[in-house]
Amino acid sequence: MELLFEKSKEGRSCTILPACDVPVAAVEAGAARQTPLTLPELSENDLSRHYSELERRAHGVNNGFYPLGSCTMKYNPRVNESVAALPGFTNIHPLQPDVSAQGCLEALYLADKYLCGITGMDDMTFQPAAGAHGELTGVMLIKKYHEKRGDTGRIKIIVPDSAHGTNPATAAMCGMSVVNIPSGPDGCVDLEKLRAAVGDDTAGFMLTNPNTLGIFEKNILDITRIIHDAGGLNYYDGANLNAIMGIVRPGDMGFDCVHLNLHKTFSTPHGGGGPGSGAVGCKKLLSPYLPVPRVRLKEADGKYKYYQEYDFPDSIGKVKAFSGNFLVTLKALTYIITLGREGIPEAAQNSVLNANYLMKLLSKRYKVVNDGFCMHEFVLTLQNEAKEYGFTAMDIAKALLDHGIHPPTMYFPLIVPEALMVEPTETESKETLDKAADIFLEIYDQAIENPEGIHGLPKTTPIGRPDEVRAARSPVLRA
Amino acid sequence: MGHYLSSTQSQRREMLDALGIDSMEELYSSVPRELITKNGFELPEGKSELEVDRLMRNMAGKNTQFSAVFRGAGAYSHYIPAIVGTVVSKETFLTAYTPYQAEISQGVLQAIFEYQSMICRLTGMDVSNASVYDGASATAEAVAMCRDKRRSKVIISSAAHPEVIKTIKTYCWAAGAAVELAPSNNGATDLAALESMIDDKTACVHIQQPNYFGIIEDCERAGQIAHASGAKFIMGINPIAAAILKTPGECAADIAVGEGQPLGMPLSYGGPYLGFMAANSSMMRKLPGRIVGETVDTDGNRAYVLTLQAREQHIRREKASSNICSNQALCAMTAAVYMAAMGPEGMKNAAIQCMSKAHYLASRLEEIKMPLKYGGQFFHEFVTACPDGLDAKRLIECLGADHGILGGLPIEDNCILWCCTEMNTKEEIDRLINVLAENLAEKGGRG
């Protein structure tokens, strides 16, 4: 398919702006642009067809089953979108006086209150724009906490070897060194290894629970106690909150700080990679360090008014301009209000039910890593098949593409060889799971019969398997 | 009660039966009993879609939408062509994840590749990433690209946006790097002072163009000063102004960053916006985040993939160039559709209209004794003092409360930072002047 630049025709254009109705000002020659601006020249019809064609060459949750582990690809409710498109929200300038932005501030205030309830935290910020940005903010809070106590020797962040790559990368951005601890044979944190890793230099510990194998860390209270006893703080990576929201609270597990991926757990769409929202919640001991401003409610003359408070001298400052990806927060709030007190835990339970049901169906052929029930996701390993038959997790994933199913997350967590991580989410029906299972099993049988055949898949997608080595070795990054 | 579940009650029953259990609770048998939330949490009962729609419309109604906006300061009210909204609300673009599976993600990948290409062409740089969170965090990431063990000092112009400065400071504090502010003089960065501050420990110099006060900086000179001592030069630009101002490429910048919100994103109380980042080719492998590259598939057809992933957190973990994972992909697509709809002439026209209207407003303000505070050339923002005896904040509040006008932003020293874009008609500007003149006369009379 042609690029926009290849469709461009000199002299073609859309007519967007009227003539200038004031005297025209010009930049002084010394400051003016020299190089011509070579953007594509297109009609609106060209644009409409181009992007419709691109849309046909993409796959979203609206196109089919999307069991991408750890990403919680649940249905994205459209009322969230219609609310976020209301001019009463989209036309509001971030530097409007508080009195003229009461609706926006109310939204932030309510999202804070509800999400603190769900996570068991005391305060929350919506400034971070994505999960990794939330992690960065959270680890900064931990760093500031130790710094303010004069406890400056705490420079190590402990992470399990099953952790998302963002955890160690975040710690490094905060000037911390990273201690990786190996998981036990059950895929959970090994308490002995954790005890051996903590000390006077422990700043904190980062964990997802359920962990990346889809297993609830049953020793979670011991884990968080070991860290606290060593003087460190516990950080909850909210990537997997969907399994337990409304049922177990990170705050009750002993976590001091959490980030939430509102674009996973709270149903806001991923937009092909963003925007997300990485809201960060914390216990009172970390509240003074949260980014500014924070939204407050006060009573004056019998009326309640929301306002932004900047006066937190120990705050880490800002991690982003203004108040984060506001419309994403708004969509998540819309979702929380829709589901409410009963709907939130119901969604969690059904995500776990769907995962276990699909796991059971797939275990007819596939080797499942999890023992007993899983949480919202489970992990398959194709290690034996790779050895004995020569087909891999990648081959299964690519074969699924021909059936309109987005593959599970591949080769993660790193501790499982030839891993496929499957997260169906609660919004899929039993029929979808039954049908998907049939496809998974059929692909498996075909691969056993003819391992060579599967290497050539997919066959029906807009392109075949791409040459990634060539892309990295001789980068072509622009037209 | 609202929900988005698809299985019926009886299907859920069937699934529980298949698992050999009686209740949902049994699925949570690995969770310690004492952790199960007993009495729920503070959250109202669920609602139907219609109830939610009413409630949220009511909330939106508590905000004030101004009929005329003369405020920018990092977030700009521009016209958004209708095609932009149509394209970026397409369901597939909206609901897709990061394009890991290239075979079924060519649409998203190509759109990002086109975005990267347009950012390169706009900035005059060699290579662009697929976006980061916003202009402020983009600048902080750019600073991190320049620091190493030998050079860790960071110099930022004090005339940059205050929130950009704060964000850089936060990131640098966490990483243990020193930040120094280059002073400004008459609303522009004091380049002589910059020259005296810079040393062989300086990693980079950051200048914003136009700066926070709207002034067009001498970026070519700033770049020369940075390079003379071996430091990198980061230019923060307004993407609309870039259509007519000397590009970062022409100023020999090593990295160009900025807030992409003016490229088709509504104000939205601060986000989602778009951090764009482009660099010269020697810094390509230090760029944070996703980058889309061109390659071929098994049949030799042109194809696009996420590439240079050896920089990224999921491969390099603690040695990655950044921790960024999700970015602002849909906002990047928004910017691409905006730029394609405007075209080269439309972009230049928007820039010229922004500048012209700001100059018209400035000349009219001067007529009512609110002259420019700084002498330098400006783009679409500028600072005026407030006449003696008047409080800038109160004057601006009164524009809002009584006339539905969002006036300039009151800033330090009782000054006002004004902004015009192509949205402000001459009639609107004249009305603002009339209202201000009345106010000044009234307040002055009361004197």
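Modeller: Helices and strands are here DSSP runs, numbered from the N terminus: a helix is H or I over at least four residues, and a strand is E over at least two. The model is a predicted one, in which local features need pLDDT of at least 70 and side-chain atom pairs count only at pLDDT 80 or more, while totals for chains, interfaces and linings use all residues. Residues are numbered from 1 along each chain as its sequence is written, and chains are lettered from A and ligands numbered from 1 in the order in which they are written.

Two loops of chain A hold a cis peptide bond. One such bond joins A:Asn209 to A:Pro210, with omega about 0°; A:Pro210 belongs to the loop between β4 (202-207) and α9 (220-229) of chain A. Another links A:Val292 and A:Pro293, again with omega about 0°, and A:Pro293 sits in the loop between β7 (280-282) and β8 (294-300) of chain A.

Two further loops carry a positive phi in a residue other than glycine. For A:Phe322 the value is near 60°, and this residue lies in the loop between β9 (303-309) and α11 of chain A. Burial is judged by counting other C-beta atoms, placed from the backbone, within 10 Å of a residue's own: 20 or more make it buried, 12 or fewer exposed, and a count in between partly exposed. A:Phe322 has 24 such atoms within 10 Å and is therefore buried. A:Tyr411, which is not a glycine either, has a positive phi of about 55°. Its place is in the loop between β12 (409-410) and β13 (419-422) of chain A. Because A:Tyr411 has 16 C-beta neighbours inside 10 Å, it counts as partly exposed.

Strands are said to pair if DSSP finds at least two bridges between them; β12(A) and β13(A) run antiparallel and are joined by 2 bridges. Within this pairing A:Thr409 has A:Met421 in β13(A) as its bridge partner. The sheet as a whole is open, has 4 strands in the order β10-β11-β13-β12 of chain A, and is paired antiparallel. Its edges are β10 (367-368) and β12 of chain A; each has a single partner strand, so one side of each is left without a neighbour in the sheet.

Seen at the level of the chain, an automatic or database assignment of domain bounds gives chain A domain 1 (1-23 + 38-57), domain 2 (78-339) and domain 3 (345-455). The C-alpha centres of domain 1 and domain 2 of chain A are 41 Å apart.

Chain B itself has 13 helices and 16 strands. Its C-alpha trace spans about 85 × 55 × 50 Å along its principal axes, and 60% of its 447 residues are buried. Its domain 1 (68-76 + 344-446) and domain 2 (82-338) have C-alpha centres separated by 30 Å. Between them, 21 residues of domain 1 of chain B are in contact with 19 residues of domain 2 of chain B. From domain 1 of chain B, α11(B) supplies the largest share of the touching side, 6 residues. That side comprises 13 nonpolar, 5 polar and 3 charged residues.

A nonpolar core is a set of buried Ala, Val, Leu, Ile, Met, Phe, Trp, Tyr and Cys residues joined through C-beta atoms within 7 Å. The largest one has 312 residues, and those with the most contacts inside it are A:Cys257, B:Val143, B:Val205 and B:Val337. The element that gives the most to this core is α11(B), with 23 residues. Apart from neighbours within four places in sequence, the contacts of B:Val205 include B:Ile155, B:Leu194, B:Ala222 and B:Phe233.

How values were computed
Two residues are in contact if their C-beta atoms, placed from the backbone, lie within 7 Å. Ala, Val, Leu, Ile, Met, Phe, Trp, Tyr, Cys and Pro count as nonpolar, Asp, Glu, Lys and Arg as charged, and the others, Gly among them, as polar.
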